[in-house]
Amino acid sequence: MTRRILVSILVLLFGSVCRLRAATEYDAWLRYEPIEDQSVKALYERLPAVVVTLDDSPVVSAAAGELLRGVRGMLGRTLRVEAKVPAEDSIVLGTVESVKRAAPELAAAGGLIADGFWLKAAAFNGHRILIVAGQNERGVLYGVFALLRKLGLHARIDPLDDVENPYAPVRWVNQWDNLDGSIERGYAGRSIFFENDNVVADLTRAGDYARLLASVGIDGCTVNNVNANARMLAPDFVPQLAKIADAFRPWGVRLSIAVDFASPKTMGGLDTFDPLDARVAAWWRAKADEIYRAIPDFGGFVLKADSEGRVGPSVYGRTHADAANVLAQALQPHGGILIYRGFVYNHHMDWRDLKNDRARAAYDNFQPLDGKFAANAAVQIKYGPIDFQAREPVSPLLGALEHTNKTLELQITQEYTGQQRHLCYLVPMWKQILDFNLGVNGGDTPVKEIVSGRTFHRGLGGLVGVANVGADPSWLGDDLAMANLYGFGRLAWAPDLSAQQITEEWTRLTFGHDARVVDTVMNLQLESWRVYEGYTGPLGLGTLTDILHGHYGPGIETAERNGWGQWIRADHNGIGMDRTAATGTGYIGQYAAPVAAMYESLERCPDNLLLFMHHVPYTYELHAGKTVIQYIYDSHYDAAVEAQQFPEWWKTLRGRVDEPRYEAVVALLEYQAGHAIVWRDAICSWFLRMSGISDAQGRAGHFPNRTEAEAMQLSGYAVESVTPWEDASGGEAVACRSAKSCSAQFVFEGAAGWYDLNVQYFDVNTGAAGFKVYVGAQQVDQWKADARLPATAANGDSATRHRITGVALRAKDVIRIEGIPDGGDAAALDYVEIERQ
Ligand code: GCV
């Protein structure tokens, strides 16, 4: 062992142990909790005391360091590090080649491909050895993480003979970080890579992020926003990027960047960026050469062009393939790849034309170019034809490029699925997408096989997840949301794993093995997407959020009457986009025959996508045995009830989960429970007004226990309309804009007893207003409206519910809410709802 390896192993080991003790959130699923159960400990009693590293490389050093760290954490033992196989039991780490050289008698496993590994317990010269052999160095690292995962899951490691290969070569995450340190669609703080137009000086977190990624087999990270800043390619910036690559390298994660297509002109001083101009091609080649001199293992470029205001090849009448290929050719001599975003659509479409359809765009733009992309280029296709909605059909483009490499784009950051303030675990959704049979050429062609390159024998393909972790200690801003990052990596490596298995692994590694904790957390996770879809946009409507702003709270009408094309075509009689080939936009015709036939037919189209595919009257009867309108009401009421259960389930874990994570999760789940009611009321009120059809169960529009703020006796508060109207109960709220403090009071008319008080208010991010609640002269609660919500005005993004439980009320009690504005936060109040306990 060289001194360099030993030093780097020790640095990795001791540097990280300090952090391990400091924060549990930060360590996510790599906590390496001590194994206390003696019967489990006994499983590892004979684990060798020596670890041998046969290769001298940063990646294998990181692997050895990780092994030491994990074994010490879980078993309280420090392995001895050696460079040669000793005359005693040992753990041997190395590439298959090195293992063969060191011990030719050990028949190495066949069938390993790049990044694959072999874990084997064997006898050698009368000693027991545990081999972690990788097809390459990254494979060694992945093998170590797999071995440690076994320990973390309390699995047997003797006998052991496991061969694992990645399902697909591309397993990347994208970050949408801007150079000023903000993150587009990031919900967990500032960038860990950039600040003030430069790379940050301390890249410790970049390295720690790469470690998390490597632990689930992710091998690439694009660090900046696809809406790329041209500065990414500036000569003084490339050496800065090289520092990020240095931080990634020990973890086998290759750096890639998104680029601005106009760079040859804006950055390079040419008078054109025409992809077919020889000077432009030369510029890209020289730029790629410069990057590879600084970053020899650079992964490649990602390009978003001709989309959402980004310039692209259309400026010169060129095709997407022309654009992709000029970059791909520059990267090709160095082994880099070009990923071209398939997310291309016209966001100025005429909404009045019923034949227009954004969902058609990806296919219409790219299918005619099939076969024209370079071998080291891939088209990156979002899972659905719109944009990461709570439910969409699988994009038909995935089945339509037989001669072009593809990657599937999933979204880990929860842009349209609750932004990490709502629990929405996406692995079950991703499983449905990956397993969906597109029926290409009448065959069995599930998405996972198509995107991995298997179906059409493509050399390149895989999964890309938009992650957007930030500087928040928990990476994604919510401990439970980290299951999405874990699950993405596991599915990219092995899409045949079940959602159940992935969830159980993540839960045990993150929260330990207490059976009640495991059951509860798994239930929460596995139910959460269904529940979220239920109180946002069921029946294939999309998320029904405000698509023009934060993509967060309810905002149904923002989808309609504009060029963005997320139309739901709701009017007084019916709802849904007619995308049939027979009478609609023809979108359904983009699928292969068996899938098209299913969606085209009203009878065969599944309920959960009905309104994505068809326009029907509200009274249309679903397979579920109820009308569309009643389903909308029931789904929202039922799912909101389920969301109320989430914090209650979690609270059964008090004392079984460490306090900081317990408290953080309780707060989020309680917030979600309140916001689910905001969603329920907004959507049901809107559909009640639009359809004119009442809820058969009499709930929509009737709130017997609610006192509207505008009906209270106000002092200082003034009544204001809320936009959109459905985001406030009764369409109005009261705001305190011209006094230091305002109050709203009313007389309780119910019978004496124990009650819960729900105070509905608006929490904007321009200040932190205070609220105090009094019953008679006695203050029963107070709090600050200081949540981080994407809102500057009273609407569905800022609507928040504060629950005060167990208050004794008597008839004629005066309930008074005092609001103390702060900055631009006017302590706006919507209503108080009183529920008997
Ligand atoms: C980075 C959606 C998001 C945008 C994102 C875009 C994309 O429209 O709202 O923030 O831009 O998708 O994927 O390019």
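**Exercise 1: the sheet**

Val-775 has Ile-815 in S28 as its bridge partner. The model is predicted: local features need pLDDT of at least 70, side-chain atom pairs count only at pLDDT 80 or more, and totals for chains, interfaces and linings use all residues. Residues are numbered from 1 along each chain as its sequence is written, and side-chain values use heavy atoms, leaving out hydrogens and water.

Solution. 
- Step 1. Strands S25 (residues 770-775) and S28 (residues 814-820) pair antiparallel over 6 bridges. Strands are DSSP runs (E, at least two residues), numbered from the N terminus; pairing needs at least two DSSP bridges.
- Step 2. The open sheet has 5 strands, in the order S20-S23-S28-S25-S26, with antiparallel pairing.

**Exercise 2: the ligand**

Task: describe the residues that surround the ligand and list polar side-chain atoms by their distance from its oxygen atoms.

Solution. 
- Step 1. The ligand is surrounded by 14 residues (a heavy atom within 4 Å). Among the closest are Glu-184, Arg-341 and Lys-382.
- Step 2. For Lys-304, a polar side-chain atom lies 2.6 Å from a ligand oxygen. For Arg-185 the distance is 2.9 Å. For a side-chain N or O atom of Asn-227 the distance is 3.3 Å.
- Step 3. The protein buries 97% of the 330 Å² that the ligand exposes alone (Shrake-Rupley method, 1.4 Å probe).

Technical notes
Polar contact = N/O pair within 3.5 Å; in protein donor to acceptor, adjacent residues only side chain to side chain. Helix = DSSP H or I, 4+ residues; strand = E, 2+ residues; numbered from the N terminus.
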